[in-house]
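Biologist: I'd like to learn how to read a structure like this one. Could you take me through some features, giving the idea first and then the case?

Modeller: Happy to; let's look at it together.

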Amino acid sequence: MEKVSSTREPQLDEQQQKLLEKYDSESRFRVFDKKSVALIVSIIAIGLSLYHLYTSYFGMPVTLKHRSLHVAAVVGLIFLLYPAYKKANRTKLPWYDVILAMLAASTSVYIFVDYSGIIQRGGLPNQLDLVFGAILVVLVLEAARRVTGWALPILAILFFLYGLFGRELSGIFKHRGYEWQDLVNFIYVTTEGIYGTAIGVSATYIFLFILFGAFLGKSGMGQFFNDLALAIAGQTKGGPAKVSVIASGFLGSINGAAVANVVTTGTFTIPLMKKIGYKKDFAGAVEASASVGGQILPPIMGAAAFIMAEVLGIPYSTIALAALLPALLFYVGIITQIHLRASKEGLKGISRDNLPRIKEVMKERGHLLIPLLFLMYMLFFSGKTIIFSAFLTIIVTVAVAMLKKTTRMSLQDILDALEQGARTSVGVAIACAAVGVIVGVATLTGFGLKLANGIVMLGGESLFLTLLFTMIACIVLGMGLPSIPTYIITATMAAPALVQLGIEPLVAHLFVFYFGIFANITPPVALASFAAAGISGGNEMRTGFVSMKLAIAGFIVPFLFVYNDSLLLINTTFTEGALVLITSVAGVMMLGAAAEGYFMTRMNVVFRIVLFAGAILIMNPNGLHDVVGLIIVGLVVFLQWRKAKSEEQMKLEEVAS
């Protein structure tokens with residue numbers, strides 16, 4: 001039998017590429033038939049990456065200039081790369097998109113040329129300010145529509161209209177009203193609108209880490225993770241499913257793109273899961289839930305964590321440490337259900353003879369871990385800035401890849417990584433720019449504070465009800481928006497409601513961050529699950545609901561860490577942290593057993609409900625709850641053990657007779 005290995009980077013065939021484009025609008029870019037046009041676009045993309053590398057080492061221009069250049073380049077690239085509608089010709093570049101790209105560039109050129117005048121006018125715009133501001137707002141919303149779909153631009157337009165006509169409303173959402181000139185000026189020439197915090201993070205941390213991910217991809221990190229996961233878990237019960245969790249989790253943390261991760265990694269892992277006996281819906285759900293969870297997995301956590309650090313004004317390392325245990329619990333919950341499903345259905349792993357050896361994998365590509373270890377050192381121990389750390393890590397990645405012929409990058413590979421990094425960043429960047437319109441209007445009108453007050457009033461000052469309404473708002477927003485704008489909007493408008501009820505800001509922001517991400521696996525619009533179903537051949541909605549079941553810990557843990565922030569390792573000693581780790585992991589494993597309905601043998605509905613309650617008690621860091629939970633869990637485990645022994649005895653008697 002042929003050895004199972006992903007010795008090459010996953011290549012998408014035509015059908016898989018169409019699947020990716022169906023669920024990931026960022027993948028619907030042009031492929032030019034003219035080499036000259038393709039070359040010009042490549043030069044612009046590579047130039048943008050080189051600019052960000054240069055500024056990360058030598059320093060940036062003043063804030064407004066730097067952010068305006070970033071936005072102009074991103075918007076210009078979008079008009080060059082993305083057609084105006086789905087069925088448009090994707091091999092030609094129409095003249096009007098060239099003009100739109102040039103207009104995008106003009107909005108930054110104007111700021112560079114008249115920067116001193118803009119500063120001197122101090123919020124009193126002249127006619128040109130308004131002209132270029134209006135052009136930028138329109139271009140940003142159109143670019144966002146092409147890349148992310150209609151939801152984000154429509155939401156931005158609604159907020160703009162609210163800024164214009166809010167004076168006509170009654171109740172808590174009424175405001176004094178603003179003229180369109182006030183709104184355009186605030187959104188364009190201040191750092192509170194399009195050039196606000198979100199685009200500031202995009203123009204620094206996010207771009208560089210996406211670029212880092214592109215270089216890792218060129219070095220062969222994808223196949224290294226797959227092969228290492230196969231070597232570690234491939235031979236265990238349900239091995240291919242565990243391989244999917246390990247590989248997709250790590251890759252999802254780096255690239256932060258759930259749907260793209262599902263399609264690329266899933267083309268390798270889902271067929272393996274089906275081959276050993278997992279049903280279509282379950283195989284797809286494993287890949288979807290593991291890919292989505294990568295965005296809550298330190299050290300990189302996709303991109304939103306960098307925005308969180310900037311918004312809260314706390315070190316990124318603090319956020320990564322706080323997110324560590326919840327991420328671990330999320331993946332323990334998935335792996336527990338995978339293992340129990342394999343036990344219930346008698347599924348085996350892959351024969352060890354057909355798997356790569358850990359020693360061989362590490363010898364061939366183990367050096368690729370050095371950049372990740374170096375990054376962790378730079379982020380947590382060096383005291384250097386995140387921007388400088390990202391720059392150095394990219395340099396180290398290229399240098400380390402040169403150590404082995406199989407991972408060595410040619411000049412073309414380096415240029416491809418620079419281009420790919422810029423192309424990949426446009427989706428996040430334009431989302432940050434478009435959400436700047438929303439946040440700008442919310443800031444100017446005080447909408448965020450008003451909404452927070454409304455949520456608290458709706459919850460009747462009940463923390464649980466407020467959490468519930470906030471969770472629903474995050475999931476609904478996440479169904480229509482990418483995870484970055486979902487987090488920014490909910491952090492601006494929903495998290496303050498939790499803070500008003502005495503929740504620590506970091507805890508409140510992590511709560512909304514989690515549920516915005518999990519919208520990707522929450523029907524009726526569960527894009528990651530739907531993409532996985534497209535690969536597995538399963539039913540989209542069933543795959544979505546199975547994904548939710550697998551990710552059950554992710555839906556419960558945020559509520560628990562709001563009530564007791566020990567789960568975030570906040571204000572805990574080493575001993576307390578170790579105890580929280582042990583009890584919470586045990587609780588999540590029992591939670592997985594209750595969800596799967598199996599522990600040593602099949603479990604009836606009553607036992608599942610009782611075990612579920614006991615697991616929740618154990619997971620909540622509280623001495624009394626732990627004791628009661630352990631008693632409940634211990635009783636269920638004992639009864640399940642007796643039932644399993646009885647069933648085994650009956651089978652032996654049947655064989656004997």
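Biologist: Let me start with a side chain: which residue's side chain does the side chain of glutamine 500 join in a polar contact?

Modeller: A polar contact is a pair of N or O atoms within 3.5 Å; within protein, one must be able to donate a hydrogen and the other to accept it, and residues adjacent in sequence count only if both atoms are side-chain atoms. Here the partner is asparagine 453, and the polar contact between the two side chains is 2.8 Å. Before going on, note that this is a predicted model: local features need pLDDT of at least 70, side-chain atom pairs count only at pLDDT 80 or more, and totals for chains, interfaces and linings use all residues. Residues are numbered from 1 along each chain as its sequence is written, and side-chain values use heavy atoms, with hydrogens and water left out.

Biologist: Where is glutamine 500 placed, and which residues does glutamine 500 touch?

Modeller: Helices (H or I, at least four residues) and strands (E, at least two) are DSSP runs, numbered from the N terminus. Glutamine 500 is in helix H23, residues 495–500. Contact means heavy atoms within 4.5 Å; leaving out residues up to four places away in sequence, glutamine 500 touches Leu449, Ala452, Asn453 and Val456.

Biologist: Why does glutamine 500 count as partly exposed?

Modeller: Buried means under 20% relative accessible area, exposed over 50%, and partly exposed in between (1.4 Å probe, protein chains only). Glutamine 500 counts as partly exposed because its relative accessibility is 39%.

Biologist: And serine 219, is it buried or exposed?

Modeller: Serine 219 has a relative accessible area of 1%, so it is buried. Its place is in helix H9, residues 197–219. A polar atom of the serine 219 side chain lies 2.6 Å from the backbone oxygen of leucine 216. Beyond neighbours within four places in sequence, serine 219 is in contact with Arg365, Leu368, Ala401, Thr407 and Met409.

Biologist: How do I read a whole helix, and which residues of H7 are buried?

Modeller: An α-helix has 3.6 residues a turn, so residues three or four places apart point the same way. The buried residues of H7 are Leu152, Pro153, Leu155, Ala156, Phe159, Phe160, Tyr162, Gly163 and Leu164. The expected span of a helix is 1.5 Å times one less than its number of residues. H7 (residues 151–165) has 15 residues and reaches 21 Å from its first C-alpha to its last, close to the 21 Å expected.

Biologist: What about the backbone: which peptide bond is cis, with omega about 15°?

Modeller: That bond joins proline 523 and proline 524. Proline 524 lies in the loop between helix H24 (505–518) and helix H25 (527–536).

Biologist: What is phi of leucine 569, and of methionine 600?

Modeller: Phi of leucine 569 is near 55°, a positive value in a residue other than glycine. Leucine 569 sits in the loop between helix H27 (552–563) and helix H28 (574–596), and counts as partly exposed at 28% relative accessibility. For methionine 600, phi is near 70°, again positive in a residue other than glycine. Methionine 600 is in the loop between strand E1 (598–599) and strand E2 (601–602). With a relative accessible area of 36%, methionine 600 is partly exposed.
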